[in-house]
Amino acid sequence: MPAGMKPLEKFLKKQTTALTRAGGFVGGVTDKASGGTGASRRRASLSRVVPFFRETSPESGQAREVFSPDSEDPPSWPSAAGTGPVSVPGSANSSGSGSGDVRSPSLSSDEQSSEASLVTEGGGTPLHPDTPDNLTLAVLDSVAGKRFGHCTETLLDDFMLTHPIFLTADRLQQVLLQQFSFEGDRGGREGERREEGRGGGRGGDEDAEAAMMDAAERKQAVLNVAFRYLDTYRELLQEEGERSNSFPKELYLCAVQELTRYPELVEDVLKLQRWTEILHCPSEEEKESRKKQVRPLFRHFRRIDACLQPREAFRGSDEIFCRVYTPDHSYVTIRSRLSCRVGEILALVREKLQYSEDQPVLPGNLILVAVTSAGEKAVFRPSDEAVFTTLGVNTHLFACEPSELDSLLPLPEEIHWSPGDSKLHDMSAEEVSNQLVVFDWELFSCVHEVEFVCYVFHGEQSRWRPLNLELVLQRCSEVQHWVATEILQCQSLPKRIQLLRKFIKIAALCKQQQDLLSFLAVVLGLDNPAVSRLRLTWEGLPGKFRKQFQQFESIADPSRNHKSYRDLITSLRPPLIPFTPLLLKDLTFLHESCKTFHGELVNFEKMHKVAEMVRIIRRYRSSQLAMDTETSPSHLQTKAYVRQLQVIDNQNLLFDMSCKLEPKDT
C-alpha cells in the first residue's frame, strides 16, 4: 500500500479552513434550533463526503478575498467585456486589478478557457449589476430583440437557472404579469394619442402601427420568458399544484383579452393554454401511479421488490414508509409525505404509540432526534421539513421525551458486528460494476439541475428542496463505507486479498464506463485508514494491481486543485457521472468568494458563472446511458445486493475490526 497518498477527505481537512456550520454534529449532541443559517444546516450531508471547502487557490498560493456581508466597501466586479473591474455606481472604488475575478479556481483549465472565450467573444453576461426587477426587464428587452441580440439565449438561460438566488418565483411571476398588461396599454394608448395629434394623417398611422408592433413584440417576449420558466421548472411547479398553476392561468386570461388587438399572439395563447392543462391536470397514468405508490428510501426501509424498480425523481408530496424508533429500540412504521414537517411526523408517531400494546403510558412532549451509529445526536425543530433525505447512511430517527435524550443509543446492529464471508465472493466484478453504474445513473438523472443551485445558495430556506441531490451524496458515502465493511468483515487473509483485487477491478470498470462517482467512492473506501493499515493484505496483492491502484490514487489526489481528476473528466464525452461532491465544492467556492448583492444590486456576472457550472452538469447528461435489461436470477440477485448495501459507517468500529484482523504489533 503506497504510504505517500492521502484520501481526498483527509487532504481537504488538513489543507483547508473549515467553513463555520451551526447545526452540524458537535460534541455529541446538536440542537438544530440553536442557530445557524438554513444553508449551513443543509450542507451537513455534503460535509460527510467532502467536509471542508477550500478558500484559497493552491496554484496561486494566496487567499482569495471573501467578501463579508457587513463590508462597507462594495467589491469590484468584472465588466461585461472582461477587460477590467466595474465599480458599483456611487462607489469610490473605481479602480482595481483583479479583485473582481470570480472564476472558481476549482474549474479545470479547459473550463476556464471556455469561460474566457465566452467573456471575450460572447461577452459573458452583458448585464451590469442592477436590481432584480431591472434585470428582469433587461432580459425581456433582450428577448424582444432590442438589446444583446448576439447572446440572448445564454442570457435567458443564466437568468432562468439563477433567478431563485436573487428573485423569488412569486416576484418573477408578478413582474411578468405586470409587463404583459402594462406594455399593451401603453403601446395602444400612445398610438391613439399620436394619431389624434397628427390629425389622423399618414404619419400618425405609421407611428401607431410602430407602437402596436413594439407592444406585440414585448408581449411575445413576456410569453417566451414565461414559457422558458415553465419548461425549466415544470416538475417542480407540478409539485406545488394550485400555487404555481395560478400564474399561467392568469397570464392566459390576460393574453386572451389581447387577441383582438394582437392576433399574432394566437399561437402563443394556444401554447399557454396547453401549459395550464399540463400543470393543472397531470396525466391519468401519472395520477394513478402516484396514488398507489408508497416509496421506500433506499436506506431506511427495505423492500426487495421496490429496490429492483428503476429509480424515479422524488417529490415532496411522495409518500414514504419510514421507521421511527423509541428509546427501548422498538419502533413504529409511519407513512408520511417526504416533505412533511417534524411536527407532523411526531403527530403520526404519537398516534401509532397510542394504539400500541407495548406502550403502557401515553407519550408526553416528544422530540425527534437523529442518532448516528457513532452515538452522535441531532435534535430537529418542529418546523424543520424534509428531514428524511438529510440522514446519514446508518442514521436513524428516534422519538423521545426531552428527558430521555441522553439515554438514546444506536441500534445494536450498528454497534456490534459478526464476521462472515461476503456475498461479493460469488459475484463477478463485471456484474457488480454494471449495477453500480446503472444505479448511479438513475440517481444522478433524478436530480433536477436547479437542485444544485438551491442546495448551495438557499439550503433549508429554498422553495424547492434538493431531495434527490441529497440521496446522491448519501449514496457516495454509502459506497465508500461498503468497501471498507466488506474487506474488514472478511477473516481469511487469502479471501481478503481476493476482495481487494475485486474492488480494484470494480473501480477500473466504473472508470471505464465513466461513472466517476462510484469510481472515486471505491478508491476512497480502499484509502480508508482502517483498510490502508492492513499491511499483510496489501503485501499479498499482485504488483499489477498495486500499480493500477497507485494510478487510481493519483486521480483522487486533490493537489493542484484536483488537477488529475479534472484532466480526466474533460477528456470524457457524455454520458458520464461526475463526482458530485466536487461539483458542490466548486459551487460553494463560487458562492463564498464573491457577494451576490451589494445593497440592492445583483452581481449578475456571478450568476453567469453559476449558470455555466450548471450547464456543465447538463452536458454530462446530454445523452442517455445504455441500460441493461437482463432478468436472469443471478443478475437480479446482484442488482438487489448493490441497491441495498449493508455497511458500517462508524469509523471507530471499523478501526477496531481492522486491529483485530492485523494487530498493531504484527
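## Surroundings of Thr-326

In this predicted model, Thr-326 is in contact with Leu-353, Phe-398 and Ala-399 once its neighbours within four places in sequence are left aside. Thr-326 belongs to the loop that runs between strand S4 (319-325) and strand S5 (331-337), and its side chain is joined to that of Ser-330 by a polar contact of 2.7 Å. Because its relative accessibility is 8%, and buried means under 20%, Thr-326 counts as buried.

## Ala-611 in helix H26

Ala-611 is part of helix H26, which spans residues 604-620, and is buried, with a relative accessible area of 0%. When residues up to four places away in sequence are not counted, Ala-611 touches Asp-158, Leu-161 and Thr-162. The C-alpha atom of Ala-611 is separated by 8.2 Å from that of Phe-159, although the two residues are 452 residues apart along the chain.

## Aromatic pairs

Twelve aromatic pairs are found in a search of the whole structure. One of them is formed by Phe-166 and Phe-604, an edge-to-face pair with 6.3 Å from centre to centre and 75° between the planes. Phe-166 lies in helix H6 (residues 152-166) and Phe-604 in helix H26, so this pair ties together parts that are 438 residues apart in sequence. Both Phe-166 and Phe-604 are buried.

The rings of Tyr-229 and Tyr-233 form a tilted pair, because their centres are 5.4 Å apart and their planes are at 40°. Tyr-229 and Tyr-233 are both buried, and together with Phe-247 and Trp-464 they form one aromatic cluster.

## Charges over rings

The charged end of Arg-533 sits over the ring of Phe-655, 5.7 Å from its centre, while that of Arg-621 sits over the ring of Phe-444, 5.0 Å from its centre.

Methods: Residues numbered from 1 in each chain as written. Predicted model: local features only at pLDDT ≥ 70, side-chain atom pairs only at ≥ 80, totals over all residues. Heavy atoms only, no water. Helix = DSSP H or I, 4+ residues; strand = E, 2+ residues; numbered from the N terminus. Buried < 20%, exposed > 50% of the residue type's maximum accessible area, 1.4 Å probe, protein only. Polar contact = N/O pair within 3.5 Å; in protein donor to acceptor, adjacent residues only side chain to side chain. Contact = heavy atoms within 4.5 Å. Phe/Tyr/Trp six-rings, centres within 6.5 Å; stacked < 30°, edge-to-face > 60°. Lys NZ or Arg CZ within 6 Å of the ring centre and 35° of its normal.
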